[in-house]
Amino acid sequence: MASFSQFGSDLYTGKRSYDIIGRRKTWYLIALVMIVISLVTPWLRGGYQLGIEFTGGSEFTISDVKTLDQNLATETVEDVVPESIPRVSQLGTHGIRVQTGQLTDRQTTEVQDALAKAYDVPESQVAATFIGATWGADVLAQAIRGLVIFLALAAVFMTLYFRTWKMSLSAMAALLHDLLITAGVYGIVGLEVTPAAVIGFLTILGYSLYDTVVVFDKVRENTAQESIRTFKQSVNLAVNQTLVRSINTSVVALLPVAAILFIGSYVLGAGTLRDISLALFIGIIVGTYSTIFIASPMYAQLRENEPKIKESDAKKTAAAEKRRREVDAAEASV
C-alpha cells in the first residue's frame, strides 16, 4: 500500500510521468477498433435483441416450479404456437419466464394451460401479461429522447462550467465512446436490451461525465498557471495527477457492482438487477478508459494549434532548450 501511495505521489509531483497525451494516436486507434467491433458484430448477428418492453409481445411467468428445465418451456410453446420463437429465462430459484411475440387471446390461454401442465403446477401459478407494440415503441422513443436530452444538457453544462466548447466536445466524444462500446457488448453477446439496461447506460454516462469533469478541473488548473511546461505537458501532468484517483474510484465502484451482478444473475436470477449491473460494470471500465485516454488527449489536440498557445509553447520550448545547453556546457567544463 505504501508503494502504491508513493507511486501516486510521484505521479502528482511529476517525478514519475507517463506520456499519455503524446501517445494519443495509439489510444485513438484502440478506441476506434473497439467501436468498429461494437458496431459491426451486432449487425452481423442480426441486430440488437430488444426486450419485450420495446418490441411488444406476451410474457408468461411460472412460479414455484419443480424443475428449471428451460427447454421444456421452449418445446411447450412451440407445440402450441409453431411459428413462435420463445425466449426463456430463469427467475430466482423457483421461477421460469417465457417471452413470445404477440399472441391472440386464444393462443395465450392455450400456452398458459400447456405450461401449467408441462411444469405440473396449477394454472393460477402461470401469470400471463401482454405488452402492445405501440406501448413498446413509445418506451423505445422515450428512451432515445431521454438519451438525447441528457447529452444535450451535459454538453451545455460542460461549455458553461469550463467556458470552452472544446472541453465539452471532448467530453461528449468520450461519452459517445462509452455508449457505443457498452451497447456493443450487449449486441455481441446477444444479451437482451431492456429498460433496466437503458437505465444502466444513462447511469454510466453520468459516472463517466463526473470522472471527466474531475480530470478537466485539474487540466484547467494546470494550464491556467504560469510554468515552464508547454500546454501539452501541463495537460499530461493533470492526467497523471488524477490517474491513481481515477483507478481507485473505478475499482471501488466496480466491487459492489460486480457483487450485484453475481447475485442478480446466479443467486436470485433477477433480470432487472442483472441488466442494470452489467451495463454499469461494462460502462465503468470503458468510462475510465475514455476519461484518461480519449477526453484529455482530444482536448489537448483541439487547443494546441491555437495561436496564443503555439506562441507560448514555442517560447517555453526555446527556453528549455537553452537551459539544457547551459547545463551541458556546465557539465562539460567540469
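Modeller: Terms first: buried means under 20% relative accessible area, exposed means over 50%, and partly exposed is in between, with a 1.4 Å probe and protein chains only. This is a predicted model, in which local features need pLDDT of at least 70, side-chain atom pairs count only at pLDDT 80 or more, and totals for chains, interfaces and linings use all residues. Residues are numbered from 1 along each chain as its sequence is written, and side-chain values use heavy atoms, with hydrogens and water left out.

Colleague: What does the secondary structure of the protein chain come to?

Modeller: The protein chain has 12 helices and six strands. Helices (H or I, at least four residues) and strands (E, at least two) are DSSP runs, numbered from the N terminus.

Colleague: And how much of the protein chain counts as buried?

Modeller: Of its 334 residues, 43% count as buried. The accessible surface of the protein chain is about 17,600 Å², and carbon and sulfur atoms hold 63% of that. Those areas come from the Shrake-Rupley method with a 1.4 Å probe; for residues, only the protein chains shown count as cover.

Colleague: What share of the contacts is between residues 24 or more positions apart?

Modeller: Such pairs account for 77% of the contacts in the protein chain with a separation of 6 or more. Contact here means heavy atoms within 4.5 Å.

Colleague: On to salt bridges. How many by this rule?

Modeller: The count is eight. The rule asks for a side-chain nitrogen of Lys or Arg within 4 Å of a carboxyl oxygen of Asp or Glu.

Colleague: Which residue does E306 pair with?

Modeller: E306 forms a salt bridge with K166, and the closest N and O atoms are 2.6 Å apart. E306 is in the loop between helix 11 (271-303) and helix 12 (307-333) while K166 is in helix 7 (residues 165-189), so the pair ties together parts that are 140 residues apart in sequence.

Colleague: Is K166 buried or exposed?

Modeller: K166 is buried, because its relative accessible area is 13%. E306 has 21% relative accessibility, so it counts as partly exposed.

Colleague: What about D211, where is its partner?

Modeller: D211 forms a salt bridge with R245, with 2.3 Å between the closest N and O atoms. D211 sits in helix 8 (residues 195-224) and R245 in helix 10, so this pair ties together parts that are 34 residues apart in sequence. D211 is buried, with a relative accessible area of 1%, whereas R245 is partly exposed at 23%.

Colleague: Which residue pairs with R220?

Modeller: R220 forms a salt bridge with D217, and the closest N and O atoms are 3.0 Å apart. Both belong to helix 8; they are three residues apart, so about one helical turn separates them. R220 counts as partly exposed at 28% relative accessibility, and D217 does too, at 26%. There is also a network: R24, K232 and E304 are joined by salt bridges that share partners.

Colleague: How many residues of helix 9 are buried?

Modeller: Nine of the 11 residues in helix 9 (residues 231-241) are buried, so the helix is mostly covered. Among them are F231, S234, V235 and L237.

Colleague: Last one: how far apart are the C-alpha atoms of A152 and M172?

Modeller: They are separated by 9.2 Å, and the two residues are 20 residues apart along the chain. A152 is in helix 6 (residues 133-162) and is partly exposed, with a relative accessible area of 40%.
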